[in-house]
Amino acid sequence: MDVYLIRHGQTTTNAEKAHAGWAPAELTEEGRIQAERTRQLLKENDFDRVYVSDLVRTRQTADIIFPGKEHILDRRIRERHVGILEFQKISDCIEKYGAQYLDARARRDFSAFQGETDKQMADRVGDFMRFLEQIAMEENPPKKTAVVCHGGSIYHMFRYVFDTKMTEERLTVKNCSISKFIWENGRWKMVFWNLDGTIE
């Protein structure tokens, strides 16, 4: 089974360098343009299933990339929950919360701000990946599956596949980029990473 991981387009919070988490952040005009580029990149592909994070920005992105296609919403592939930090600019959080905030960012543990820990996110994304593996082993599995989600969830999918502790900062996931994995003979293989509409 071919699995295409697609990050949402640029959001208002991306542009402002603010936390989005589970907040209803929407796409900017640039984000919509990015999604249209990705639609053009994928228009020759026929996807059997499209899984989408249930947050606003991913649903908006999926509507542009896959117009008229049924979306299966899944909470497990949401972005990291940051609690009360939603919509707050990173620079303001540093000034307001100081060392506590910097430590939370370094450890990806936002439980002190009513969010979730890195392990909690890894567990739910891992559960989704095992779900995909089960689907791939069905009698008539889908040949091509798209997953529209977030930078953080794609990062944890990468960690799941390669069992690595590489930091999120070292693993670039651009807005509306496409990464392709294949589940074959009981294992995952990466075909390409972080392809976006600016590549000729």
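Is phenylalanine 131 buried, partly exposed or exposed? At 23% relative accessibility, phenylalanine 131 counts as partly exposed. Here buried means under 20% relative accessible area, exposed means over 50%, and partly exposed lies in between (1.4 Å probe, protein chains only). The model is predicted: local features need pLDDT of at least 70, side-chain atom pairs count only at pLDDT 80 or more, and totals for chains, interfaces and linings use all residues. Residues are numbered from 1 along each chain as its sequence is written, and side-chain values use heavy atoms, with hydrogens and water left out.

Phenylalanine 131 lies in helix α6, as does phenylalanine 128. The two are 3 residues apart, about one turn of the helix. Helices (H or I, at least four residues) and strands (E, at least two) are DSSP runs, numbered from the N terminus. Helix α6 covers residues 118-136, 19 residues in total. From first C-alpha to last it reaches 27 Å, close to the 27 Å expected at 1.5 Å a residue. The expected span is 1.5 Å times one less than the number of residues. Buried positions in α6 include Met121, Val125, Phe128, Met129, Leu132 and Ile135.

The structure holds 12 aromatic pairs. Rings of Phe, Tyr and Trp (its six-membered ring) pair if their centres lie within 6.5 Å; planes under 30 degrees apart count as stacked, over 60 as edge-to-face and the rest as tilted. Tyrosine 51 and phenylalanine 128 have ring centres 5.8 Å apart and planes at 80°, so this pair is edge-to-face. Tyrosine 51 lies in strand β2 (residues 49-53) and phenylalanine 128 in helix α6, so the pair ties together parts 77 residues apart in sequence. Both partners are buried: tyrosine 51 at 3% relative accessibility, phenylalanine 128 at 0%. Phenylalanine 128 also pairs with phenylalanine 131; the centres are 6.0 Å apart and the planes at 40°, so the pair is tilted. Elsewhere, ring pairs link Phe158, Phe162, Phe181 and Trp193 into a cluster.

Tryptophan 22 has charges over its ring. Such a contact needs NZ of Lys or CZ of Arg within 6 Å of the ring centre and within 35 degrees of the ring normal. The charged end of arginine 78 sits 4.7 Å from the ring centre of tryptophan 22. Arginine 75 lies over the face of tryptophan 22 at 6.0 Å.

6 strands form an open sheet in the order β3-β2-β4-β1-β5-β6, with mixed pairing. Strands β3 (72-74) and β6 (187-195) stand at the edges, each with a single partner strand, so one side of each is left without a neighbour in the sheet. The twist averages 20° from one strand to the next. Strands pair if DSSP finds at least two bridges between them. Strand β5 (residues 178-184) and β6 pair in the antiparallel sense over 6 bridges. Isoleucine 182 has lysine 189 in β6 as its bridge partner.

Asparagine 194 lies in strand β6. Its phi is near 65°, a positive value in a residue other than glycine. Asparagine 194 is buried at 11% relative accessibility. Arginine 108 has a positive phi of about 55° although it is not a glycine. Arginine 108 lies in the loop between α5 (99-107) and α6 and is buried at 16% relative accessibility.

The structure holds 0 disulfides (pairs of cysteine sulfur atoms within 2.5 Å). The sulfur of cysteine 149 is 11 Å from the closest cysteine sulfur, in cysteine 176, too far for a bond. Cysteine 149 is buried at 0% relative accessibility. Cysteine 93 is buried, with a relative accessible area of 0%.

Methods
Axes are lines fitted to C-alpha atoms, for helices over the stretch in contact, and angles run from 0 to 180 degrees between N-to-C directions.
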